[in-house]
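Please look over the sequence and the model shown below.

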Amino acid sequence: MTGAEILFEGVSKWFPAARGGRLVAVDRIDLAVARGERLALLGQTGCGKSTLFTLIAGLARPSEGRVLVEGRDPFRAFAALRGRIAIVFQNDRLLPWRRALDNAALGLELMDVPPAERHARAGHWLARLGLSGHERDYPHALSGGMRQRVAIARAFATDAPILLCDEPFSALDELTAQRLRAEFLSLVTETGRTAIFITHSISEALEVGQRLVVLRRPARIACDLRLDAITAGPDAIRAQIRAALAA
Ligand SMILES: Nc1ncnc2c1ncn2[C@@H]1O[C@H](COP(=O)(O)OP(=O)(O)OP(=O)(O)O)[C@@H](O)[C@H]1O
Ligand SMILES: [Mg+2]
């Protein structure tokens, strides 16, 4: 399919299993994500969601099939795609020896943004995430939720057209999560970014996604819904998603 920002064609990923043989984490996935699309990805634990992100980000290569990001193989074109993809990982992955501001500025630093500008942009996002006054704190001095907010600031501070979020708000209290979900939505819609958002929560998926893909273990697509084209009521949609998750 042409025009897809992110494309999976017959993609499988397996790992050597502890007792020999292979553990299939992703099983022949075909998926096209259009530019500017907001896709929510749901699936039970261990069904391969995070593995899909490592393939998109070029941190791993498929065992079979191909992945294209902006028409390129992200593993081979890793340098060329630098700055095109921002990721909020499932755990914060902050650098312990860097203060919050320098952690939030890391993506911009890797893109060679000059220090004054990257600190201004990182500081702006720390403030939007409620971390004013913590710019000089090291990660060990921050709570888990605060660290995750630094990681979100790090991703949002880049102008990467592709945003991958791996359960970004699951470690936060509901009020903060609610606020950040709204922030995420306005950021993505204002700037027309392409976003994939992994979550375990059906409500969160319905809130952030225009399209919702449910995976079943090992990562195979159990259902693919375009929420803006659906006429069924919310209860019927939830029932359909629940059935796909349980499949
Ligand atoms: N680097 C790796 N080496 C070996 N096995 C791996 C590796 N990465 C993932 N796996 C296995 O692949 C499967 C899918 O893992 P993955 O992290 O993608 O799941 P997930 O859907 O993100 O789960 P969760 O919702 O719990 O985060 C799991 O069985 C996991 O143990
Ligand atoms: Mg995961």
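Of the 247 residues of the protein, 49% count as buried, where buried means under 20% relative accessible area, exposed means over 50%, and partly exposed is in between, with a 1.4 Å probe and protein chains only. This is a predicted model, in which local features need pLDDT of at least 70 and side-chain atom pairs count only at pLDDT 80 or more, while totals for chains, interfaces and linings use all residues. Residues are numbered from 1 along each chain as its sequence is written, chains are lettered from A and ligands numbered from 1 in the order in which they are written, and side-chain values use heavy atoms, with hydrogens and water left out.

The secondary structure comes to eight helices and nine strands, taken as DSSP runs numbered from the N terminus (helices are H or I with at least four residues, strands are E with at least two). The radius of gyration, taken over C-alpha atoms, is 18 Å, close to the 18 Å of the globule rule for 247 residues, so the protein is as compact as a globular protein of that length; the rule is 2.2 Å times the number of residues to the power 0.38.

The largest nonpolar core has 49 residues, and Leu163, Phe184 and Ile241 have the most contacts inside it; such a core is a set of buried Ala, Val, Leu, Ile, Met, Phe, Trp, Tyr and Cys residues joined through side-chain atoms within 4.5 Å. Helix 5 (residues 144–156) gives the most to this core, with seven residues. A second, separate core of 30 residues includes Val11, Leu41, Phe53 and Phe89.

Threonine 194 is placed in strand 7 (residues 194–199) and is buried, with a relative accessible area of 1%. Leaving aside residues up to four places away in sequence, threonine 194 touches, among others, Glu5, Gly36 and Leu163, a contact being heavy atoms within 4.5 Å. A polar atom of the threonine 194 side chain lies 2.9 Å from the backbone nitrogen of glycine 36.

The magnesium ion (ligand 2) has Ser50 (OG) and Gln90 (OE1) as its protein donors, at 2.1 to 2.4 Å; donors are N, O and S atoms within 2.8 Å of the metal (3.2 Å for Na, K and Ca), and water is not among the atoms, so sites may look incomplete. Serine 50 lies in helix 1 (residues 49–56) and glutamine 90 in the loop between strand 5 (85–88) and helix 2 (100–104), so the pair ties together parts 40 residues apart in sequence.

| Residue | Relative accessibility | Class |
|---|---|---|
| Serine 50 | 29% | Serine 50: partly exposed |
| Glutamine 90 | 42% | Glutamine 90: partly exposed |

Terms used: A polar contact is a pair of N or O atoms within 3.5 Å; within protein, one must be able to donate a hydrogen and the other to accept it, and residues adjacent in sequence count only if both atoms are side-chain atoms.
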